[in-house]
Amino acid sequence: PGVPVRSAQAEMDNIAAGLARRYPEDSSGVSFLVMTVQSAIVGGGKAQLLSLLGAVGFLLLIACANVSNLVLSRGLQRQREIAVRAALGAGRGRILRQLLVESFVLALAGGAAGLAIATAGVGAFRALAPADFPRLDELQVEPVTALIAFAISALAGILSGSAPAFSAARPDLEVALREKSAAVSAPVRWFSLRSFLVVAEVTLALVLLTGSALMVQSMARMLNVQTGLRTDHLLTAQLKLAKSRYGSADAQRLFIERLLQSLQAQPRFNGVAISNNTLMNGSMALLHFDPSQMGSREKSVNLEARSVSPGYFDTMGVALRSGRLFTNRDVKGSPQVVIINESLARRFFPGQDPAGKVLKLGPKAEDQFQVIGVTADTRDIHLRSEPRMQVYFPLLQDPYDQMIVLVRSQFRPAEATADLQKAVWQVDKDLPLNKAQSMDDIIAESVAEPRFRAWLLSAFAFSGLALTLIGIYGVISYTVGRRTHELGIRFALGAQPANVLWLVLRHAVSMALAGAVLGTIGSALLMRLLASQLFEIKPGDPLTLAGSALAMVVVAVG
């Protein structure tokens, strides 16, 4: 109690160093990561939740700017009424309180409506969110949450109505009490509070639009990444052997051999394989490798390790670069062999053909393996995980009581699952399949989190864009209404429609361009916060920044 994480981590590092000194063969490179329970529960979701919170904050600011603009326009339309009140003795404080109360009531009404939608939307959020979203099962609208929502609504109402209220509470009595025709012809200021609010809306909306564009591009690139694997028409299922029947390595090996024969006998399968570890779900088995065993001066590294059956590489579409693949002859009693991938070959066998070389994974004789082949690198952990140095062991030499069965079939997953279960029951009628699903479904689950995040940011971006368009339309509509008398005179004097149209649109163009410039600068600075959530695209990607700014200007002017 009372010990900071940093101090606890330092103590665990000392313990790990002591273990490495006492047991260099088993504990070298072992480390212990210390974290709080909250960090363990939330995991990597903190950055995602903060980015969503930022998007919500930006959307709230856009809404506040929009409401301020509408309230300001309404206040200007009520100048004559407010001037009459002031002429009859109403003080500035009284008028200000009236306008703020109106904004406050409007904000509370909007907050209540938003809370009702949020309560109904919790179910939709649960359905759309990925299954591993932090504490999803605990998600609900609690009384404290509702109270905070109302407090934010009240604060937003006060902030949104403050500037318009102060502006409207100081009317020019002489101008406001004139006839309507005179008021209509009053000069229009281009750089007013209304224009400033629209520029702020465009700026914030552009930041949201840029973030959404980056997330969507990141998602698209992730889905199009070359994995080095054939994942189409591939069905996977997990098996766990009971230790009471398959407690020895020989029993496990015999089961695997019989299962492979049963699978290969199924006419609907055109590829079958077994692995000791899952694919594309973020988990891996690591093997500590000390290069000094082979006379290298490089530092110790961790290798991704996988035990696979004959036919694995053909079934998964992994290309063979040199040597040969595992066969049914690579069993217990035969020479110990391994297959390595290109990354490992480049690192420890530069400029050589590793086939026939000896890979020493330890000081003992049973830790030495002959390299019989080199395969292409694969992304078999996650789409966004770079290929690691990998070593493959023959499953018939190194059996496990837990395994993943992979079958390729052109039939629907439900039909292939039935055939797969039938093949397993022919070997052991009491052994059930677990988590039978297609590889496409597994990949979809692995990218569910970034897809959900991209979808949410896109929804916020389009909402912000819609609010911004409403704000621009309101300002231009108000400006045109104020200048109706002037524009009529221009037409009467022979002005061309195109010239009058540009006279009106240049205000919108100037606001859109100013917001686009500020939004681009803000995006270049703030998008760095999304760097950890992007894949193969930089936060300051110039094409994305320029494209988002151009799209915002075109939409705003249109």
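**Exercise 1.** For this predicted model, describe the lining of the largest pocket by residue class, and state which elements contribute to that lining.

*Solution.* Begin with the classes: the lining of the largest pocket holds 35 nonpolar, 12 polar and 3 charged residues. These belong to a lining of 50 residues, with Val56, Gly114, Ala118, Ala149 and Phe460 lying nearest the centre of the pocket. Turning to the elements, two or more lining residues are given by each of helix 4 (45–77), helix 6 (92–128), helix 7 (143–168) and helix 16 (448–482), and the largest share, 14 residues, comes from helix 6. The volume of this pocket is about 2400 Å³.

**Exercise 2.** Compare the span of helix 6 with its expected value, and locate its bend.

*Solution.* Helix 6 has 37 residues, and at 1.5 Å a residue a span of 54 Å is expected; the distance from its first C-alpha to its last is 51 Å, which is close to that value. Next, follow the axis to glycine 121, where helix 6 bends by about 40°. Finally, consider burial along the helix: the buried residues of helix 6 include Ser103, Ala107, Gly111, Leu115 and Val122.

**Exercise 3.** Is asparagine 66 buried or exposed, and which side chain does its own side chain contact?

*Solution.* First place asparagine 66 in helix 4. Its relative accessibility is 4%, and because buried means under 20%, asparagine 66 counts as buried. The side chain of asparagine 66 then makes a polar contact, at 3.4 Å, with the side chain of glutamate 201.

Notes
Residues numbered from 1 in each chain as written. Predicted model: local features only at pLDDT ≥ 70, side-chain atom pairs only at ≥ 80, totals over all residues. Heavy atoms only, no water. 1 Å grid on protein atoms, 1.4 Å probe; cavity = no way out; pocket = protein on both sides within 12 Å on 5 of 7 lines; lining within 4 Å. Points joined across faces, edges and corners; volume = space filled by probe spheres on them. Helix = DSSP H or I, 4+ residues; strand = E, 2+ residues; numbered from the N terminus. Nonpolar A, V, L, I, M, F, W, Y, C, P; charged D, E, K, R; others polar. Expected span 1.5 Å × (residues − 1). Bend = angle between axes of the 7 residues up to and from the residue. Buried < 20%, exposed > 50% of the residue type's maximum accessible area, 1.4 Å probe, protein only. Polar contact = N/O pair within 3.5 Å; in protein donor to acceptor, adjacent residues only side chain to side chain.
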